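Here is a short briefing on the pockets, the cavity and the nonpolar core of one protein model.

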Amino acid sequence: DARKLATTLLDANDELAQRTARAVARESRGSPFLIEELVRSNRGVASASGATLAVLTLEQMVSERLDRLPEQARQLIEILAVSGRPLPLSVVASVSGAEGGVHEVMSLLSARRFARTGLRDGREVVETTHDRIRETIVTLLPVSVVRDHHRRLARVLEEIPGADAEAIAVHWLGAGDPQRATRFAQDAAEQAATKLAFAQAARL
C-alpha cells in the first residue's frame, strides 16, 4: 500500500518511478505523511540523476530542509524537537527568543511541514508534525546544542506556576544537571503518589 501511494504521488509508472516508490515505502515505514514528504523531496533527485536511483533518506530530507530555514525558525524547531512533547506557543516563543514574531515563524514552519499548532485545554500549543521528524532533528544536533536547549526549556518552565515537574526534571537531566533534576523528580513523584499513580511515583 505504501508503494502504491508513492507511485500515485510520483505520477509515473516507469522503472525508475517504481524503484523510487519502493525506496520511499521502505524509508517511510508506511507513514502516509512521510511518503508524501519523501516523494516531494525526491522528485527532483530522480530526474537530475538520470537512470541512476538516488533517493533521499528521511535524515537527508530533514537536514536539507533545516539548512534552508532562517536562523530563528531553525532554533524554534530544534527547541520543539528537544522538548519531546507539545508545548504552549508562549513557552516556545520565550525559550527561542521569538516573542515578537513567533506567529510568522510558526507559519513558515507549518508551510515547510515541520510543525503544527492546535488547541489543548484552551491554550494554543505547538508540536512537530511527525515523531520521526522530531527524532531525526534531535539526532542531527550536536550534544552541546541539545544540552543548551534542555537548559533553556527547564529555566522557562520553572517560572510557570503549575508546570509539569516531571518535564522540568527531564530537561535538567538533559542539560547535565542531575541535582536540579532530582529535586523536580521528587516533586513529580509526590504528585503522582497523591493521585495513586504508584508505578509512576516509583519510577520517578
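Two residues are in contact when they have heavy atoms within 4.5 Å of each other. By that rule, and not counting residues up to four places away in sequence, Phe114 touches Val62, Arg65, Leu66, Leu69, Ile77, Leu109, Glu127, Thr128, Thr129, Ile133 and Ile137. The model is predicted: local features need pLDDT of at least 70 and side-chain atom pairs count only at pLDDT 80 or more, while totals for chains, interfaces and linings use all residues. Residues are numbered from 1 along each chain as its sequence is written, and side-chain values use heavy atoms, with hydrogens and water left out.

**Core**
- A nonpolar core is a set of buried Ala, Val, Leu, Ile, Met, Phe, Trp, Tyr and Cys residues joined through side-chain atoms within 4.5 Å; buried means under 20% relative accessible area (1.4 Å probe, protein chains only).
- The largest such core has 55 residues, and Ile77, Leu109 and Phe114 have the most contacts inside it.
- Helix α5 (residues 71–83) gives the most to this core, with 7 residues; helices (H or I, at least four residues) and strands (E, at least two) are DSSP runs, numbered from the N terminus.

**Helix α4**
- In helix α4 (residues 58–67), the buried residues are Leu58, Met61, Val62, Arg65 and Leu66.
- Seen down the axis of α4, these buried residues fall within an arc of 130 degrees, so they line one face of the helix; the arc is that of the directions from the helix axis to the C-beta atoms.

**Cavity**
- On a 1 Å grid over the protein atoms alone, a cavity is a set of points where a 1.4 Å probe fits but cannot get out, and a pocket is an open set with protein on both sides within 12 Å along at least five of seven lines; lining residues have an atom within 4 Å of a point.
- Grid points are joined across faces, edges and corners, and a volume is the space filled by probe spheres set on the points.
- The largest cavity, of about 30 Å³, is lined by Met61, Val62, Arg65, Arg112, Arg113, Phe114 and Ile133.
- Helix α4 gives the most to that lining, with 3 residues.

**Pockets**
- The largest pocket has a volume of about 370 Å³.
- Its lining has 17 residues, with Pro86, Leu87, Pro88, Arg123 and Asp164 nearest the centre.
- The second largest pocket holds about 170 Å³ of space, and α11 gives the largest share of its lining, 3 residues.

Definitions and conventions: Buried means under 20% relative accessible area, exposed over 50%, partly exposed in between (1.4 Å probe, protein chains only).
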